[in-house]
Amino acid sequence: MANGILKGKRGIISGALNEMSIAWKVAELAHAEGASFVLTNAPVAMRMGEINKLSEATGAAIIPADATNDDDLEKLFAEAQSKLGGPMDFVLHSIGMSPNVRKGRPYDDLNYEWYKQTLDVSAMSLHRMLQAAHKGNALAEGASVVALSYIAAQRVFPNYGDMADAKALLESIARSWGYRLGKDKNVRVNTVSQSPTMTTAGSGVKGFDGFFGFAQEMSPLGNAPAEDCARFCLALFSDYTKFVTMQNLYHDGGFSSTGVTPEIMARFTSAE
Ligand SMILES: NC(=O)c1ccc[n+]([C@@H]2O[C@H](COP(=O)([O-])OP(=O)(O)OC[C@H]3O[C@@H](n4cnc5c(N)ncnc54)[C@H](O)[C@@H]3O)[C@@H](O)[C@H]2O)c1
């Protein structure tokens, strides 16, 4: 179904860890749509080696960068520009990790050093990326930046722990940069709030199966698959969405607007 909507565009795609990653699908589809881009991930993620397969399949170079390290990010934007031959038309931030969630520390017993890491890796990293891009003059006129979020930024999902706070911060950073970069170069910055998705980061959340199943039943269209999330990201990178900015856009099959469904009600209704 490729239509060449990213033909001639240059970009950076972060966060492709393995075939399940949302960023992996974005890279595959962006390649099919005619984009040229570089892949980036934390140096530690390179050890798994999976990303090399994606690099071969898409012809994209890999530039390792820890998204919490400003020197790495400066180099990322400088190298991406020299490899691709100009400034970026799109950037995907697909990065999230909470040591507290990973290690089972609940919200009322957080390790604060880990909490800082959660916020740095999952939210401040967007600020760091955009600051590096801005200072390095690495974004093209009318470029588009997308970061992936989750509805726990607006509503409580107890097992999501401190990641909820990180997503709220991420969405705020997207608006704050969106204002500045919009004025500066007509750059758009949005967050996409995605359905629960079976990936390494997703399944790290305690009780993820229940989470996934509940959202599936609560969404008239069902949970949005990773591939469709990727398609939505591509639409936001394309010239078809030039005036969409500073938004948190739900890509969730209708979950965020559904109060209850008859199927779920039936479980609480006594038979007449
Ligand atoms: N899976 C879900 O249910 C779901 C739902 C909504 C939003 N999201 C968001 O989508 C994004 C992508 O996650 P995913 O589900 O594809 O899982 P994933 O585990 O495949 O991707 C997360 C990525 O973050 C990278 N990362 C972690 N620390 C980093 C660092 N310091 N520097 C650079 N990269 C680092 C990891 O290496 C990995 O590639 C995340 O922001 C996640 O919160 C996921």
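Two residues are taken to be in contact if their C-beta atoms, placed from the backbone, lie within 7 Å. The model is a predicted one, in which local features need pLDDT of at least 70 and side-chain atom pairs count only at pLDDT 80 or more, while totals for chains, interfaces and linings use all residues. Residues are numbered from 1 along each chain as its sequence is written.

Leaving aside neighbours within four places in sequence, N190 is in contact with V146, A174, L236, V244, T245, Q247 and L249. A residue is called buried if 20 or more other C-beta atoms lie within 10 Å of its own, exposed if 12 or fewer, and partly exposed in between, with C-beta atoms placed from the backbone. N190 counts as buried because it has 22 C-beta neighbours inside 10 Å. The C-alpha atoms of N190 and A147 are 6.5 Å apart in space, although 43 residues separate the two in sequence.

Turning to the whole chain, the secondary structure comes to eleven helices and six strands. The radius of gyration of the protein chain, taken over C-alpha atoms, is 19 Å, close to the 19 Å that the globule rule gives for 272 residues, so the chain is as compact as a globular protein of that length. That rule is 2.2 Å times the number of residues to the power 0.38. Along the principal axes, the C-alpha atoms of the protein chain fill a box of roughly 70 × 45 × 40 Å. Of the 272 residues in the protein chain, 45% are buried. Among contacts between residues at least 6 apart in sequence, 75% join residues at least 24 apart.

The ligand is surrounded by 27 residues, the closest being S21, G96, T199, A201 and G202; a residue is near a molecule or strand if its C-beta atom, placed from the backbone, lies within 6 Å of it. At least two residues of this shell come from each of α1 (22-32), β4 (139-149) and α8 (200-203). The largest share, three residues, is supplied by α8. By type, the shell divides into 13 nonpolar residues, 13 polar ones and one charged. Here Ala, Val, Leu, Ile, Met, Phe, Trp, Tyr, Cys and Pro count as nonpolar, Asp, Glu, Lys and Arg as charged, and the others, Gly among them, as polar.

In α10, the buried residues are A226, C229, A230, C233, L234, L236 and F237. They lie on the same side of α10, because they cover an arc of only 160° around the axis, the arc being that of the directions from the helix axis to the C-beta atoms. These buried residues pack against β1 (10-14), α1, β3 (88-93), β4, β5 (188-194) and β6 (248-251). The twelve residues of α10 (residues 226-237) should span 16 Å at 1.5 Å a residue, and the end C-alpha atoms are 17 Å apart, which agrees. The expected span is 1.5 Å times one less than the number of residues in the helix.

In helix α3 (residues 50-58), I51, L54 and T58 are buried. Seen down the axis of α3, they fall within an arc of 55°, so they line one face of the helix. The face turned away from this buried side carries the exposed residues N52 and E56. The cover over the buried residues of α3 includes α1, β2 (36-40) and α2 (43-46). After α3 comes G59, whose phi is positive, near 70°.

Several loop residues complete the picture. N137, in the loop between α6 and β4, has a phi near 50°, a positive value in a residue other than glycine. N137 is exposed, with 11 other C-beta atoms within 10 Å. M246, in the loop between α10 and β6, is not a glycine either, yet has a positive phi of about 60°. With 17 C-beta neighbours inside 10 Å, M246 counts as partly exposed.

N111 is found in the loop between α5 (99-102) and α6 (112-135). N111 has 14 C-beta neighbours inside 10 Å and therefore counts as partly exposed. Not counting residues up to four places away in sequence, N111 touches N100 and R105. The C-alpha atoms of N111 and G49 are separated by 31 Å, with the two residues 62 apart along the chain.

Definitions and conventions: Helix = DSSP H or I, 4+ residues; strand = E, 2+ residues; numbered from the N terminus.
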